Amino acid sequence: MLQEESDLALIIAQIVQKLKGSNLYAQLERQAWASLQRPEIKLESLKEDIKEFFKISGWEKKLQNAVYSELNVFPLPSHPAAPPEHLKEPLVYMRKAQGSWEKRILKSLNSMCTELSIPLARKRPVGEQKELLNKWNEMGTDEPDLSLFRPVYAPKDFLEVLINLRNPNYENGDSHSFRTHLGLIQVPLKVKDIPELKEFFVELGLTAGQLGIDDSTQVPPELFENEHVRIGQKVLSEQDSAAAQQYIRQGSPTALRAELWALILNISSQPEDILYYEQLKTNVIQHDLLVDSLIYKDVKLTASNDDYYFVFEDYLYQVLLCFSRDTSVLGHFAYNSASPPKSYIRGKLGLEEYAVFYPPNGVIPFHGFSMYVAPLCFLYHEPSKLYQIFREMYVRFFFRLHSISSHPSGIVSLCLLFETLLQTYLPQLFYHLREIGAQPLRISFKWMVRAFSGYLATDQLLLLWDRILGYNSLEILAVLAAAVFAFRAVNLMEVTSLAAAEAVLADLSTLKVMPLLQIFLFATVT
Amino acid sequence: MRNYTIGGPDAQEEATGKQSDIRIMAGKVKWVTDIEKSVLINNFEKRGWVQVTENEDWNFYWMSVQTIRNVFSVETGYRLSDDQIVNHFPNHYELTRKDLMVKNIKRYRKELEKEGSPLAEKDESGKYLYLDFVPVTYMLPADYNLFVEEFRKSPSSTWIMKPCGKAQGKGIFLINKLSQIKKWSRDSKTSSFMTQSTKEAYVISLYINNPLLIGGRKFDLRLYVLVSTYRPLRCYMYKLGFCRFCTVKYTPSTSELDNMFVHLTNVAIQKHGEDYNHIHGGKWTVHNLRLYLESTRGKEVTSRLFDEIHWIIVQSLKAVAPVMNNDKHCFECYGYDIIIDDKLKPWLIEVNASPSLTSSTANDRILKYNLINDTLNIAVPNGEIPDCKWNKSPPKEVLGNYEILYDEELAQGDGADRELRSRPGQSLGPRGGRSRDSGRTVLTTWK
């Protein structure tokens, strides 16, 4: 009991400390001072009256949302004496692996730099600045020559690193038993099995209504959809983050989605936010970074060719170029196993006073990175709002998909979850694919790293991301990947090569995610 | 185990009376076309139809618009027999020529006004409330003076000049000064009684310079509408329409009036642009458009927009129905071009009798193949030799990706007063031409 209390006290202290520096705190203070003018605030009961005022005016709700947001994003401290690295990643071997992976990426970036003799960063001449400002809304045209640039790494390079991960304290022994894990990932992390997943995803069960299933044309809307929409509107009018998160587990109506996501992510477009975005834009205009070319190349290779997202090409530049310069993103490295790469001012290698993070936000984009932003363009067409939403999605979820950690939503755990589900519940399929040299993870890895963006039809993708937000977890990606394999199992059993297996699973654009998930979790005999 | 009956093999065949036997005895559909497109030919072949030439006995002729003119012209005296079907109405140009379409719609509106129909209601400034879906248009050189009067009222407006008989964006240009079209005024002074040769006739319409932009780009909608008969009007809307995007950002700036890549969405034009992409072809499905609009603008306004689009298509068909030669040997699949402005109002730009069957991307090919497939399923029931005396009422199972847009017979059969009492877009409940089982995808919520 005592331990719980002191844990709680620690958490509260941490949150208070975090929020004290935030804009919300300043606003609340201002509101409190302003409320003293009001007749209902009496000196004798000052504290209660102000609290009551906050409750009625909706400020308490805002504070509640902010606290809820902090709880969602920041991991709970395991022990007050734990060093900060433990918050990033508690397991030493994982930290080491992440460290060496980062070294490799940086080396690759630096060598590209030297090869092409392009500086990592340079200030733009005034003429160029003017030109870029004019072109800001159509950076997709007139692209520079990108033929010499290559992406720093692609998902399959990352997969090779994960395959070679080993826990030095864990000895598997040479003998194979039915417990041996037959997949590519060979680290002992705890992942959920189907009974645990059923409990975790209880709202996706067969007895609950779902958007993505119960809103199809054959189902009369009175049965579920109308009521669900009504509740959604109520949640929005209450502006309650936690309620929104619970609500969205059953899917979001298309018309309410933009607002619901903003509420869950606790994004409200304040003038300060718009100003901040404009500031980032100015940074882009003034300085050119090497990563800009990488971003350009990535967009041209992926989103520009995509049937759904090509329309929004210009928005992607506007978001990603600013994102690279946003130093507030550095904050998320406190709980990310990765660390921002350091670069040194020319000639001052090794001198800490001349070290800067490169890129300024510490995130080096890889092949397919722009696909994290693309689906959001269907919801937000105002650049600064789009930017904020993306940034928050990144620091809450997406970063876990390309850093090595033991977190249950980290890519390593997702891979292991996927393989375990397949091996346990579709053993014949798994064994067959393995025999023909088509390890399932080799095919599903790219789906999970991109959170299925670019593989599913947009409306289905948005329904999937609804659930990511609702459950504050990426595990659903692994479950969906397994469900897709289960769905195409019959065809997959007949293939005899990796290429043929890839072909069976090449086109996911016709899949409906919610029925697949429901059948896999709740309707298959386990 | 064979059934032995007295009478030999023939009698045995009759005795078993299998469906396939009857079909073999009835013969295969003989088809002709003068349009060499694989999406067509593959569809004919997959039905086991037999290709013939136009001089032989054919049942189905998918013809180009030049050919239909010859078939139905007075000189040739061609008579189609009961088992022959063609894919155009004889005087389709009443709808598909830009000037005649506008003429017919104007006439239709005046008629409704004369009979006091609530559809023809106008607002305070004299604009039709429900029938204002074609931009202000004049024929040149005939209406030149009328046009000048209108132009002078708002001299900063932009107008678009389109040749009446051309397609694919050919010959189209924008003007914002009277001097740019002086040559049509000269002609009008001299030729009041001469029939204008169709090659020189132009229409000039008020240019919609505030189109709805997505990703900063202008786009238009291409929707396919199948008409099996005009009287009673029975038409179907293909669910898989698409948006065609310009490759260049839109700007209403006068310096870019000559840049066709900014203003004209025709694929024939855009595909020559520097940034044209052959993978997606600058096309979006209507489904994507709907998702985007619902997410960013809300469900009600999006539903209202789509209701309005269906409304204007049906009104345009009703406008030409009285003058259309409702030949029972004919059906037609039109390509409707619609532009949405930034107030989410749809405008009918034109109707194409021969929508392009060229495929610009892989998805395109699949779409057009399925379009022809579903069209043939409705126009030539069961893939059997047609009998044009049939009632043209296909069962709902064969509709494929088509949905009933409007069925006049069904609408009238429901009894009640046909006049519209509420605005388009408001649901009157399950009335009108909605197919019975469509559950909630109601295309027409009015009669």
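**Exercise 1. Is B:E111 buried, partly exposed or exposed, and what is its relative accessible area?**

Solution. Start with the ground rules. This is a predicted model, where local features need pLDDT of at least 70, side-chain atom pairs count only at pLDDT 80 or more, and totals for chains, interfaces and linings use all residues. Residues are numbered from 1 along each chain as its sequence is written, chains are lettered from A and ligands numbered from 1 in the order in which they are written, and side-chain values use heavy atoms, without hydrogens and water.

Step 1. Take the cut-offs: buried means under 20% relative accessible area, exposed means over 50%, and partly exposed lies in between (1.4 Å probe, protein chains only).
Step 2. B:E111 has a relative accessible area of 37%. B:E111 is therefore partly exposed.

**Exercise 2. Which side chain meets B:E111 in a salt bridge?**

Solution. 
Step 1. A salt bridge is a side-chain nitrogen of Lys or Arg within 4 Å of a carboxyl oxygen of Asp or Glu.
Step 2. The partner is B:R107, at 3.1 Å from N to O.
Step 3. Helices (H or I, at least four residues) and strands (E, at least two) are DSSP runs, numbered from the N terminus. B:R107 and B:E111 are four residues apart in helix α6 of chain B, so about one helical turn separates them.
Step 4. Check the cover of B:R107. Its relative accessible area is 24%, so B:R107 is partly exposed.

**Exercise 3. Where in chain B do B:R234 and B:E409 lie?**

Solution. 
Step 1. B:R234 and B:E409 form a salt bridge, with the closest N and O atoms 2.6 Å apart.
Step 2. B:R234 sits in strand β11 (residues 234-238) and B:E409 in helix α14 (residues 408-413) of chain B, so the pair ties together parts 175 residues apart in sequence.
Step 3. Compare the cover. B:R234 is buried at 2% relative accessibility, whereas B:E409 is partly exposed at 46%.

**Exercise 4. How many residues apart are B:K98 and B:E350?**

Solution. 
Step 1. A salt bridge joins B:K98 to B:E350, and the closest N and O atoms are 3.0 Å apart.
Step 2. B:K98 is in helix α6 (residues 98-114) of chain B, and B:E350 is in strand β15 (residues 346-352) of chain B. They are 252 residues apart, so distant parts of the chain are linked.
Step 3. Both B:K98 and B:E350 are buried.

**Exercise 5. Which residues does a cis peptide bond with omega of about 5° join at B:P141?**

Solution. 
Step 1. The bond joins B:L140 and B:P141.
Step 2. B:P141 is in the loop between β5 (137-140) and α7 (144-153) of chain B.
Step 3. Another cis peptide bond joins B:R231 and B:P232, with omega also about 5°. B:P232 lies in the loop between β10 (217-229) and β11 of chain B.

**Exercise 6. What is the phi of A:A451, and where is this residue?**

Solution. 
Step 1. A:A451 has a positive phi of about 50°, although it is not a glycine.
Step 2. A:A451 is in the loop between α19 (440-449) and α20 (458-471) of chain A.
Step 3. A:A451 counts as buried, at 0% relative accessibility.
Step 4. Now turn to chain B. B:L344 is not a glycine either, and has a positive phi of about 60°. B:L344 lies in the loop between β14 (332-340) and β15 of chain B. At 9% relative accessibility, B:L344 counts as buried.
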